[in-house]
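Please keep the sequence and the structure in view while working.

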Amino acid sequence: MKKALPIIILCFLTFSGFSKIPDGKTFLLIFDKSELKANKTSTDYIELSLLNLFSTKAFNGNSDAAILVKIPYHGIDKCQLGDLVVRVNSTKVTTLSEIAVQIIDLDESKSTYSTLLASYEDRMLKTKKANKSIKALPAP
């Protein structure tokens, strides 16, 4: 009994570590409003093509139109997302890369931003240490 309890606890901890579902990826699709108007469509209409596959949210406002796409797995990149065929209007079907102005991988951008911020903080720390050592030297 003394050996069974630690084995059961260890099994539960092991299985709970493997059972976590990855977060997936998030993409931002940016559209030019004048191009959408020329194609007689909207982000809501394009979102309908993606809604069956992924979790989406369309944004319309004073600036460019955008769709936020959350993909539940990591196996897709922005090139593969751009190759998806979407319905632009009732008569036209095209790939997402042809209608979207830009496809941004927000997870990739977040990691790049974190790396840049860390390198900047390291440089600032080194500069502060150098300034302190210069101030610590006695003047002749």
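**Exercise 1.** Determine whether Leu 106 counts as buried, partly exposed or exposed, and identify its contacts.

*Solution.* Step 1: the relative accessibility of Leu 106 is 31%. Step 2: buried means under 20% relative accessible area, exposed means over 50%, and partly exposed lies in between, with a 1.4 Å probe and protein chains only. Leu 106 therefore counts as partly exposed. Step 3: Leu 106 belongs to helix H6, where helices (H or I, at least four residues) and strands (E, at least two) are DSSP runs numbered from the N terminus. Step 4: a contact requires heavy atoms within 4.5 Å. Apart from neighbours within four places in sequence, Leu 106 is in contact with Thr 26, Leu 28 and Leu 68. Step 5: Thr 26 is 80 residues away from Leu 106 in sequence, yet their C-alpha atoms are 5.6 Å apart.

The model is predicted: local features need pLDDT of at least 70, side-chain atom pairs count only at pLDDT 80 or more, and totals for chains, interfaces and linings use all residues. Residues are numbered from 1 along each chain as its sequence is written, and side-chain values use heavy atoms, with hydrogens and water left out.

**Exercise 2.** Find how many salt bridges the chain has, and state which parts are tied together.

*Solution.* Step 1: a salt bridge is a side-chain nitrogen of Lys or Arg within 4 Å of a carboxyl oxygen of Asp or Glu. Step 2: this rule gives a count of 1 salt bridge. Step 3: the partners are Lys 25 and Asp 105, whose closest N and O atoms are 3.3 Å apart. Step 4: Lys 25 lies in strand S1 (residues 25–31) and Asp 105 in strand S6 (residues 102–105), so the pair ties together parts that are 80 residues apart in sequence. Step 5: both Lys 25 and Asp 105 are buried.

**Exercise 3.** Describe the surroundings of Glu 47.

*Solution.* Step 1: locate Glu 47 in helix H3 (residues 43–51). Step 2: Glu 47 is buried but has no salt bridge. For charge, Lys and Arg count as positive and Asp and Glu as negative, while His and the chain ends are not counted. The nearest side chain of opposite charge is that of Lys 57, 7.3 Å away. Step 3: the side chain of Glu 47 reaches the backbone nitrogen of Ala 58 at 3.5 Å. Step 4: leaving out residues up to four places away in sequence, Glu 47 touches Thr 56, Lys 57, Ala 58 and Ile 67.

**Exercise 4.** Examine Lys 40 and Thr 41 in the loop between H2 and H3.

*Solution.* Step 1: Lys 40 sits in the loop between helix H2 (33–38) and H3, and its relative accessibility of 72% makes it exposed. Step 2: phi of Lys 40 is near 55 degrees, a positive value in a residue other than glycine. Most residues other than glycine have a negative phi. Step 3: Thr 41 is in the loop between H2 and H3, but at 15% relative accessibility Thr 41 counts as buried. Step 4: not counting residues up to four places away in sequence, Thr 41 touches Leu 36, Ile 46 and Val 88. A polar atom of the Thr 41 side chain lies 2.4 Å from the backbone oxygen of Val 88.

**Exercise 5.** Summarise the chain as a whole.

*Solution.* Step 1: the chain has 6 helices and 6 strands. Step 2: their order from the N terminus is α-β-α-α-β-β-α-β-β-α-β-α. Step 3: of the 140 residues, 25% count as buried. Step 4: among contacts with a separation of 6 or more, 62% join residues 24 or more positions apart.

Conventions: A polar contact is a pair of N or O atoms within 3.5 Å; within protein, one must be able to donate a hydrogen and the other to accept it, and residues adjacent in sequence count only if both atoms are side-chain atoms.
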